[in-house]
Amino acid sequence: MSPPFSPPPKSSPSNASPSLSRLLKRQLLEDTRRLESLQDELAATAFGVLRRLPFVGVPARLAERVHAGVSGSVFAALRFGGGSLLEATAALEESASTPGASLVQRAGAVRAAINALAGEDLAAQGSALAIPMTLIPESSESSGSSGSSEGTPRRLVVYVHGFACDENLWQAFDADAVCADNTTPGDPVGVSPFAANLAAEVGATALYLRYNTGLAVADNARAFGDLLDARCAAWAAVPEIVLVGHSAGGLLARCACEAADDAGAWPRWPWQRRTRLLVCLATPHAGAPVEKLADWATQALARAPGGAEWGRAAVSRRAEIERLRETLAHSSAGAATRGIAYRLLGVSLAQDVEHPLADWLGDGMVSLSGATASPSAGDVETARIGGVGHLAMLSDARVQRCVRDWVAAVWPRPSAAVAGAG
């Protein structure tokens with residue numbers, strides 16, 4: 001069984017300083033253990049007094065056992081949930097701190113993690129740390145590399161990263177993991193060109209969305225729709241579009257695809273009618289059992305000294321995601337009924353996706369059933385792959401072949417003459 005997150009590169013020196021996220025995780029574990037020990041002492045004193053009172057001794061002993069079980073579960077969930085989140089951001093920091101990563105990538109990974117935790121406050125304060133939404137590359141001229149002689153792309157693939165990430169997510173994994181596809185063993189980390197190569201193979205232009213994942217998904221979806229609309233307006237015609245979203249990025253892309261205008265009419269933007277395919281990778285369309293443990297952790301964190309702000313932010317984001325899923329689930333008609341094909345891929349840490357525990361275990365963040373729950377009627381297909389985790393899936397050759405096949409089905413490989421026209 002593979003770990004839920006990509007391990008630190010083997011080439012990292014053993015005496016390297018720990019990442020900011022690992023330092024925070026260590027502090028979280030130490031603080032929760034101290035709090036648990038303090039609470040146990042206080043509870044022992046209080047229940048000790050109650051046990052000596054007439055007619056209260058037996059009920060007090062029962063209450064003490066229940067209290068110990070609940071308290072232990074809450075603190076365990078706090079360590080698991082908070083520790084898992086910080087482990088995830090640590091993996092992102094470390095993947096951007098490898099020898100092949102630039103200083104910009106390293107700073108970007110830390111900034112993305114900070115925005116995930118405090119993005120709303122940073123944006124409200126106008127902080128320079130707040131990430132503005134951007135389509136990379138930013139210039140319409142530089143992105144129009146595949147298409148007509150006027151610089152308008154015929155086909156466009158837009159990649160949308162997930163929570164606590166940035167656009168480097170699509171390239172920041174070990175190239176050895178995908179050497180059978182587009183790289184050679186021994187290439188430096190950080191050069192896996194899957195996303196760009198996929199676009200080139202189908203004669204498309206690749207765009208990468210960068211955004212503040214600490215803001216509400218629905219708000220980000222509307223901003224993304226406006227931004228993509230403005231980019232398309234700069235071209236002579238709206239190209240055909242494929243959207244690829246990872247994790248919460250899939251929810252953002254789906255929300256944008258299904259958005260109606262202020263009068264309730266679809267589409268809100270012209271590009272929606274030109275979108276052929278939405279690929280969602282490990283997107284929590286129907287949630288995950290592990291989120292229940294995260295609920296306990298965030299609620300406990302909201303009550304812990306020094307953790308109130310983080311806890312409230314996490315509880316708020318969880319509630320916002322649930323509201324968005326509820327809204328999308330009860331929308332009158334999803335984008336898949338309007339000509340946009342949906343392709344949903346779920347992965348599991350279990351090698352055998354048919355194993356009874358494979359669904360619950362999922363990829364360490366999202367369950368298999370949550371990632372492959374059909375969001376609407378229409379052209380919807382799903383796939384499941386075992387033995388890979390939530391972030392590592394992006395460098396898995398099986399995942400990449402699956403995405404390639406889905407995209408190639410709607411966009412056959414162009415002829416040499418067409419491919420060389422741009």
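**Cysteines and a helix pair**

Cys 255 is buried, at a relative accessible area of 13%. Keep in mind that this is a predicted model. So what keeps the sulfur of Cys 255 from bonding to another cysteine? The closest cysteine sulfur sits in Cys 257, and at 9.5 Å it is too far away for a bond; a disulfide would need the two sulfur atoms within 2.5 Å.

Apply the cut-off to the model and you end up with 0 disulfides. In general terms, a disulfide is a covalent link joining the sulfur atoms of two cysteines.

Now over to a pair of helices. H5 covers residues 194-201 and H13 covers residues 397-410. How do H5 and H13 pack? Their axes lie 11 Å apart, at an angle of about 25°. That angle is under 35 degrees, which means H5 runs roughly parallel to H13. As for handedness, H5 and H13 make a right-handed crossing.

Which residues do the touching? From H5 come Phe 194, Leu 198 and Glu 201, and they meet Gln 400, Val 403, Arg 404 and Val 407 of H13. Sorted by class, this contact between H5 and H13 holds 4 nonpolar, 1 polar and 2 charged residues.

Note on methods. Residues are numbered from 1 along each chain as its sequence is written. This is a predicted model: local features need pLDDT of at least 70, side-chain atom pairs count only at pLDDT 80 or more; totals for chains, interfaces and linings use all residues. Side-chain values use heavy atoms; hydrogens and water are left out. Buried means under 20% relative accessible area, exposed over 50%, partly exposed in between (1.4 Å probe, protein chains only). Axes are lines fitted to C-alpha atoms, for helices over the stretch in contact, and angles run from 0 to 180 degrees between N-to-C directions. Helices (H or I, at least four residues) and strands (E, at least two) are DSSP runs, numbered from the N terminus. Angles under 35 degrees count as roughly parallel, over 145 as roughly antiparallel, 65 to 115 as roughly perpendicular and the rest as oblique. A crossing is left-handed if the near helix is turned anticlockwise from the far one by less than a right angle, and right-handed if clockwise. Contact means heavy atoms within 4.5 Å. Ala, Val, Leu, Ile, Met, Phe, Trp, Tyr, Cys and Pro count as nonpolar, Asp, Glu, Lys and Arg as charged, and the others, Gly among them, as polar.
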